[in-house]
Structure formats: structure tokens, C-alpha cells
Amino acid sequence: MSGTAAYARPLVAPAPSPTIHPHIEIVTTREQRRARPKLAYAVVTIMSLFAIFAAQLLLSIVVSQGAFQIEALQQEQKELLRTQDALSENLNLYGSTQNLATQAAHLGMVPNPAPLTLNMDTGAVYGSPGTADPMGCGGNCNLITNSLLTGMPLVDAAGATTGNAVAPVVAPAAASQTDTAPSTTNVLPAPVTR
Amino acid sequence: MRTRSSRARISLAVLVVFAIVSVFVVRLVDIQVVRADEFNAASLDKRGKTITTYGVRGDIIDTHGAVLADSVLRYDITASPRVALLPQDAAVSVPAQLAEIAAITKQDPAAMYAEITSDPTSDFMYLVKGVTLDVFEQIDALDVSWIYPERKSARSYPNGEIAGNLVGFIGTDGPQAGLELSQDECLASDNGSVTYEKGEDGTALPGSEVVTEQSKNGGTLRLTVDRDLQFYVQQRMEQTALELGATWATAVVIRVADGHLMSVADWPTLDPNNVDDASRDALGSRAFSTPYEPGSTMKALTAASLVDSGAVSPEDGVVVPYSLEQPDGSSIHDAFYHDTQNLTLAGALVESSNVAVAQFTDRLPAPKRHDYMAAFGLGQYTEVDFNGESAGQLPDADQWFGRTNYAVQYGQGMSATSVQMASVFQTIGNKGVRMPVTLVEGCEHSDGTTTGVPAADGRQVLSESAAGQTVAMMEQVANKSGSASKLQIPGYRTAVKSGTAEVAVDGGYSDNSVVISYAGVAPADNPQYAVVVTAGIPDRVFSGLIAPTWRDVMAQTLTTFRVPPSASPAPDLPVNW
């Protein structure tokens with residue numbers, strides 16, 4: 001017997017061989033490549049953001065512009081109301097009984113001291129016609145004074161003012177900024193009386 | 001890999017972050033919630049500006065809407081001498097700017113400059129007060145940096161003296177007289193305020209206005225008075241007073257149906273635009289405030305009381321001597337000497353006989369006669385409650401001794417205002433129903449509501465028949481008395497009573513100081529208006545002098561209100577028996 005033990009072939013550890021690690025990378029599939037975010041998207045997003053900001057800015061400019069316009073219009077309304085007040089102050093003054101009486105007297109009108117009354121039912125006329133005092137109340141027709149009328153211009157028959165005109169509360173020039181001449185096509189026909 | 005230590009670090013970080021956030025939250029709540037009001041106020045102080053918005057005082061208008069008093073805008077131009085005198089561009093000099101302003105306001109620039117330099121440290125002075133809008137606009141256009149216009153509301157009375165005594169006026173301390181004072185509750189306005197945020201340049205940021213208090217305009221006070229009639233009546237009374245040399249004159253026109261005063265005229269009167277020029281006794285309304293002994297116009301009331309009580313009828317008669325001796329030794333006599341007459345009650349009015357009225361008076365006990373006078377409103381304030389109104393004097397019946405017992409029946413020993421007398425004739429004209437005397441129709445607010453509408457409940461003082469008989473007796477006066485020719489209004493029947501009352505001077509009556517008056521209604525067949533005209537202390541002592549005034553005022557009233565003429569002729573009652 002050979003009895004020789006067989007020696008097992010020594011196990012040799014494999015000598016470390018200079019291995020070159022291969023460069024491995026995941027190859028993206030076409031789908032993956034397609035799904036990858038592109039620069040364009042970012043650009044679009046940022047551009048839209050800018051667009052939104054710009055729009056908002058413009059909108060706020062427009063809004064505040066509108067607010068300024070409202071403010072300006074309110075201011076104008078305030079001024080117009082103020083002018084209206086001043087004009088109605090003048091109107092009240094021009095319409096005062098004393099002014100009308102003075103203007104009428106200036107035009108040569110005198111009060112009728114003997115008014116006649118006509119009864120519409122019977123046709124009867126009451127009263128006897130008299131002659132008016134050419135002076136009108138002996139020239140004393142306007143005893144009831146009105147200090148606001150001092151210097152009020154007198155209007156003659158042709159409609160022109162005479163006398164020392166006091167400046168009215170609103171100078172006509174100051175009042176008319178956007179005035180247009182009143183339409184004459186729609187006026188009521190009025191008889192011309194003399 | 002998470003280790004214990006990394007977990008601890010994370011916890012610590014979270015804790016720190018949480019602590020910091022907590023601090024911020026606490027601070028946030030403190031600022032935004034706890035002290036929010038305080039900070040808001042403080043920030044508004046910095047950014048915000050509060051301006052006053054002005055409510056406008058209401059107008060006073062006549063019954064047709066003619067404006068008797070309105071609120072107008074005026075500007076006070078104030079200046080800061082301190083700012084004015086700061087060194088500035090050579091191009092703008094203060095004297096040159098002042099010259100420009102003075103040219104607009106027609107002032108003396110030298111005086112203005114002197115005033116500015118008198119206190120160079122002052123920050124406030126008035127350059128000119130109360131300029132109108134166009135003057136303000138011209139000054140504003142000069143762009144002077146050191147002037148500060150202040151807007152203010154002023155009062156304008158476009159009709160001047162017309163109803164000036166009624167409307168009253170406003171002084172620097174507010175309403176001073178007349179309806180401006182007594183109706184202030186209606187007319188007064190409330191100012192409001194608006195807060196806005198100002199930008200860097202001081203202009204208001206759009207949309208930042210907050211109305212913190214709404215301003216409120218005053219109500220419009222509508223009177224019963226008719227402006228044009230008032231003008232005529234005042235004019236006629238002034239003419240009368242000047243013609244008669246009277247010291248005062250009043251006239252009242254009252255609508256019979258509802259007691260509305262269509263005109264209350266006083267002379268002297270005032271122009272509310274120019275109160276400084278008015279005499280002191282013209283600041284109120286004499287027709288309301290100054291009672292006088294009315295004299296014989298009271299005989300109409302006496303006759304009405306006697307007829308209503310059934311004690312006397314218009315055709316009952318008495319024998320009338322010129323003078324009648326009284327049990328106490330005094331005597332009553334008539335104004336003019338006459339032979340003994342047989343007068344009816346109507347005749348007693350036509351002749352205005354004191355002696356006849358005294359004899360008729362005996363047929364009705366004094367307390368009853370007093371009750372009639374009180375029922376007519378004598379001795380009491382009228383419903384108008386005018387500023388400074390007098391109730392007149394009506395002594396109690398138990399004080400009517402001797403002659404006074406009769407004198408009160410012909411308007412001496414008692415007193416009444418012109419308005420009270422007008423109310424008496426309104427009652428007689430209105431079939432015996434006394435209507436509340438009314439001067440204000442109501443207070444009209446901007447929301448369309450009207451407040452202060454006076455009561456319109458009448459009071460039956462006389463029977464309709466007694467009132468009618470009294471009017472018929474007064475028609476005899478208009479047609480048969482000595483002044484009849486001055487009392488005719490063509491087409492209309494009139495019914496009047498004259499009065500010449502002696503004025504008490506130094507405890508006695510004076511023959512030369514009298515109050516003359518006429519009072520009556522028209523048209524007599526259907527009375528529409530009552531008119532009382534009165535002149536105090538005329539040169540001559542004769543009531544007939546004021547008869548044409550009564551006629552003219554009544555004629556103008558009938559014309560103004562287009563009253564239809566009388567349809568039937570006047571009744572003819574016997575004067576003598």
C-alpha cells in the first residue's frame with residue numbers, strides 16, 4: 001500500500017491580479033432620458049414667474065392709476081360742487097326781490113297802484129283803471145335794503161350791464177373749464193315779447 | 001446611520017428652532033394683537049393725516065322755496081410770519097408777494113407787511129378774512145408758500161331785509177337771534193372727519209381714506225312766509241311809518257284757514273348781512289316781542305264774546321252819551337265829542353264808541369269775558385314760540401276794578417302783540433275756530449323726511465254763527481265808518497276794526513302818544529286772510545291815517561294768493577235804533 005497519503009493540492013489563493021475595475025454606469029434608457037428635466041422647462045417656469053410678477057406689477061400700476069384717477073375726479077367733483085355753491089349763491093342774489101325790483105325800475109317799470117280783477121265765471125271786471133305814478137311809489141319803490149346788492153350791475157333793455165359792476169362771487173372765467181356752449185337746438189321756443 | 005448622539009443633536013436643533021419660533025410668535029402676537037391699537041395709532045400719526053369734513057348748515061326758505069338764508073363758502077387767508085421771513089430766494093420777496101395779494105384783496109400791502117414783521121416769530125396771523133371763492137382761487141394761484149387758506153362756512157341772506165327780523169342772524173359765536181337761534185336744532189350741521197395716509201410728498205395715498213366720522217348737513221327750514229308778499233308789506237309799513245312819523249310799525253298777514261303767518265313785517269328792521277348797522281331795538285321781531293295796548297281793535301273781540309254768549313245781538317241798542325260817569329267818580333268817554341246817540345252793537349263798532357261798548361259789557365260778567373279773551377290766546381305765548389316772544393298782559397278778572405273793567409274790553413289796561421291780535425282776527429274769520437299760530441312749516445332733512453311739522457288742531461272759541469255776525473258787524477265798519485272810503489278793495493268785501501290806543505307814559509295815558517292800528521279780514525263773505533297793521537307813536541293821533549295801509553296790504557295779499565272776489569253784496573246792519 002502505498003499508503004501514501006495523497007496530498008491535497010494546496011490550495012493557493014489566487015494571486016491578486018491587477019484587476020482593472022471596469023467603469024460601470026447605468027445606461028439610461030431612452031425613456032429615462034426623455035423623462036429627465038430639461039433646461040427649457042426651468043426657463044419656461046422662471047419666465048412664467050417673471051411674467052406673473054410683471055403682470056401683477058402692471059395690474060397694480062393700473063389699479064393705482066385708477067385710484068389716482070378716482071382721486072382726481074373726486075377732487076374735481078369737490079371743486080365743481082364748490083363752484084356750484086358759489087353760482088347758486090349768485091343766483092339767489094340775482095333772484096332776490098330787491099334786485100328784481102331795482103332792475104325792473106331801471107327798465108322803467110312801475111307798480112300798478114290800481115290792479116283790476118277779472119272774474120272768470122261772470123266776466124265781471126272789478127276795480128277802476130288808474131294811472132301809474134311814473135316815478136313808481138314816488139321813486140321809493142325799493143325801501144327794503146339788501147347790503148349784498150351794493151354795486152350790483154344794472155341791466156338795460158338790450159341785456160347789457162351798466163353801472164359799477166361788482167365782481168360776482170365766481171368770475172365766469174374761473175368757473176368754465178370744460179364748459180361747452182349750451183345746445184341751442186333743443187331749447188323751448190319762447191315768444192319774443194316787447 | 002443614526003446614532004444616539006445624532007438624535008440628540010437633532011432634538012437640540014429642533015428645540016432651539018422651536019424656542020426661536022416661539023419667541024417670534026410671542027412677539028408677533030404682542031405686536032399684532034396685544035398692542036395692535038397702540039401701534040396702529042402711532043403709525044397713523046406718522047403716516048396718516050386727519051382732515052375735517054364739513055357739514056353744511058341748512059337753508060331757511062320761504063313757503064315757495066325762495067332762499068332767505070343760505071350757507072356759503074368763504075376762506076380766511078392765514079399766514080405764518082416766521083416762515084415768510086425765513087431767508088429765501090432773492091427772486092421772491094415778501095413785500096412783492098404781499099403786493100400781489102393786496103392787489104386781489106384790495107388791502108394796503110404796507111400795512112400787511114407791518115403786521116407780518118410785528119411778530120416775526122409768530123406762526124399764525126390772518127391776512128384777510130372771509131374772501132369769496134374767486135378771490136381765494138386768485139390768491140391760491142399765486143402759489144405763495146407761507147400762506148395757508150382756511151375754508152369756513154359763512155351765512156348769506158340773499159334777500160337782505162326781507163324777513164330779516166324773523167330769520168335772525170349768526171354772529172361769531174353762532175346763532176344770535178330769530179329763527180337762526182330758536183330753530184338751531186333743525187339747521188345745525190355736524191362736521192365729520194376723514195383720515196388718510198400720506199405719501200412721501202404729503203399727498204394722500206389713493207384708497208387710504210377712512211371716514212372716521214360722517215359729516216351731517218343741517219335741515220332746511222321752511223317758513224310759512226311768502227317772500228314777495230313780505231317784501232311788499234315791509235315796504236308798505238316803512239312808507240307808512242315814514243309818512244306818519246311813527247317810531248315803529250308792524251304788520252301781520254295770517255291765513256285764516258290754518259293760522260299760517262304769510263307775512264310778519266317790522267319796521268325798523270335789520271339786514272342780517274349787516275347787523276352792525278341795525279339799531280338795537282330792531283334785532284328781534286317787534287310783532288312778536290313787544291306787546292302794546294291794542295285799543296279799539298279789541299272791540300271786535302268784545303262784540304264777538306257778547307254775541308257768542310247770547311248776552312247781546314248785533315242789533316240790540318243802548319243810549320250813548322259822549323261821557324259816562326262811573327260809580328267811583330271817574331268817567332269814560334268817546335274819542336270825539338258827539339251828541340247822545342242810539343247805537344246798536346254794530347253801531348258801537350262803526351262809531352268805535354267806548355261808552356256804548358262799556359254799557360254792552362255790563363251784560364256779561366267779567367270772568368266770562370276774561371275766559372273769552374284767554375280762549376282767543378291773549379295773555380299766552382303763541383305756538384310759534386319766537387325768540388324773545390312776549391305773552392302780553394291779561395290781568396285776572398278779579399283785578400278789573402272800576403274803569404279797567406270796561407277799558408280791557410276796548411283794549412286798554414291789557415296788552416297784546418301784533419301776532420296775538422292777528423290770531424284774534426284769524427279766529428273770527430275762521431268761523432270761530434282758533435288755529436295754532438304757525439311760522440314754520442317744518443324742517444326738511446336730506447333723507448326726505450320732515451320733522452317739526454306744527455300741530456294743526458283748532459280750538460272752537462266762538463260759535464260759527466257768532467263769528468259770522470261779528471264779521472258782518474265789522475263789514476259795517478268798513479262800509480259806514482268815517483274812513484270807509486279808504487278801506488274799499490274793488491271786488492272784495494272787507495271787514496275791519498280800527499284802533500287808536502293811548503300809550504301809558506309815566507303812569508298815565510298820554511293824548512299825544514298813541515298806537516294806531518287796523519285789523520280785519522277779507523273777503524268778508526268767506527274770509528281767507530286776516531291783516532293787522534300797527535304804527536306806534538305817529539305824529540298825528542288818528543287811526544284813519546293807517547286805513548289805506550291796511551287796504552293796500554290786504555289788496556296785495558288777495559292779489560298774491562289769487563283769492564276769488566266776493567260773490568254777494570255786504571249785509572246792511574242798522575247802526576242806530
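These exercises work through a predicted model with chains A and B.

**Exercise 1. The make-up of chain A**

Task: State how many helices and strands chain A has, and in what order the elements run.

Solution. 
- Step 1: Count the elements. Chain A holds four helices and four strands.
- Step 2: Read them from the N terminus. The order is α-α-α-β-β-β-β-α.
- Step 3: Check burial. Chain A has 194 residues, and 9% of them count as buried.
- Step 4: Look at contact range. Take the contacts in chain A between residues at least 6 apart in sequence; 50% of these join residues at least 24 apart.

**Exercise 2. A sheet in chain B**

Task: Give the strand order of the five-stranded open sheet in chain B, and find its edges.

Solution. 
- Step 1: The strands of chain B line up as S12-S11-S23-S22-S21. Their pairing is antiparallel.
- Step 2: Find the edges. In chain B, S12 (261-267) and S21 (495-505) each have a single partner strand, so one side of each lacks a neighbour in the sheet.
- Step 3: Note the twist. From one strand to the next it averages 10°.
- Step 4: Zoom in on one pair. S22 (residues 508-522) and S23 (residues 529-536) of chain B run antiparallel and share eight bridges. B:Val521 stands opposite B:Ala530 of S23(B).
- Step 5: H18 (residues 464-480) of chain B lies across S21 and S22 of chain B. The angle between H18(B) and S21(B) is about 80°.

**Exercise 3. Helices H12 and H18 of chain B**

Task: Describe how H12(B) packs on H18(B), and classify the crossing.

Solution. 
- Step 1: Take the geometry. H12 (residues 298-309) of chain B packs against H18(B) at about 140°, and the axes are 9 Å apart.
- Step 2: Classify the angle. Over 145 degrees would count as roughly antiparallel, and 65 to 115 as roughly perpendicular. The pair H12(B) and H18(B) is therefore oblique.
- Step 3: Assign the hand. H12(B) crosses H18(B) in the right-handed sense.
- Step 4: List the contact residues. H12(B) supplies B:Ala300, B:Ala303, B:Ala304, B:Val307 and B:Asp308. H18(B) supplies B:Ala466, B:Ala467, B:Gln469, B:Thr470, B:Met473 and B:Met474.
- Step 5: Sort them by class. The contact of H12(B) with H18(B) has eight nonpolar residues, two polar and one charged.

**Exercise 4. Helices H4 and H5 of chain B**

Solution. 
- Step 1: Assign the hand. H4(B) and H5(B) make a right-handed crossing.
- Step 2: List the residues. From H4(B) come B:Val94, B:Pro95, B:Leu98, B:Ala99 and B:Ala102. They meet B:Pro109, B:Met112, B:Tyr113 and B:Ile116 of H5(B).
- Step 3: Sort by class. The contact of H4(B) with H5(B) has nine nonpolar residues, no polar and no charged ones.

**Exercise 5. Where the chains meet**

Task: Work out which elements of chain B touch chain A, and which gives the most residues.

Solution. 
- Step 1: Count both sides. Chain B puts 31 residues into the contact, and chain A puts in 32 residues.
- Step 2: Name the elements. In chain B, strand S3 (67-79), helix H6 (133-141) and helix H10 (227-244) each give two or more residues.
- Step 3: H10(B) gives the most, with seven residues.
- Step 4: Sort the side of chain B by class. This side has 11 nonpolar, 12 polar and eight charged residues.

Key: Residues numbered from 1 in each chain as written. Chains lettered and ligands numbered in written order. Predicted model: local features only at pLDDT ≥ 70, side-chain atom pairs only at ≥ 80, totals over all residues. Pairing = 2+ DSSP bridges. Axes fitted to C-alpha atoms, helices over the stretch in contact; angles between N-to-C directions. Contact = placed C-beta atoms within 7 Å. Nonpolar A, V, L, I, M, F, W, Y, C, P; charged D, E, K, R; others polar. Left-handed = near helix turned anticlockwise from the far one by under 90°. Buried ≥ 20, exposed ≤ 12 C-beta atoms within 10 Å, placed from the backbone. Parallel < 35°, antiparallel > 145°, perpendicular 65-115°, else oblique.
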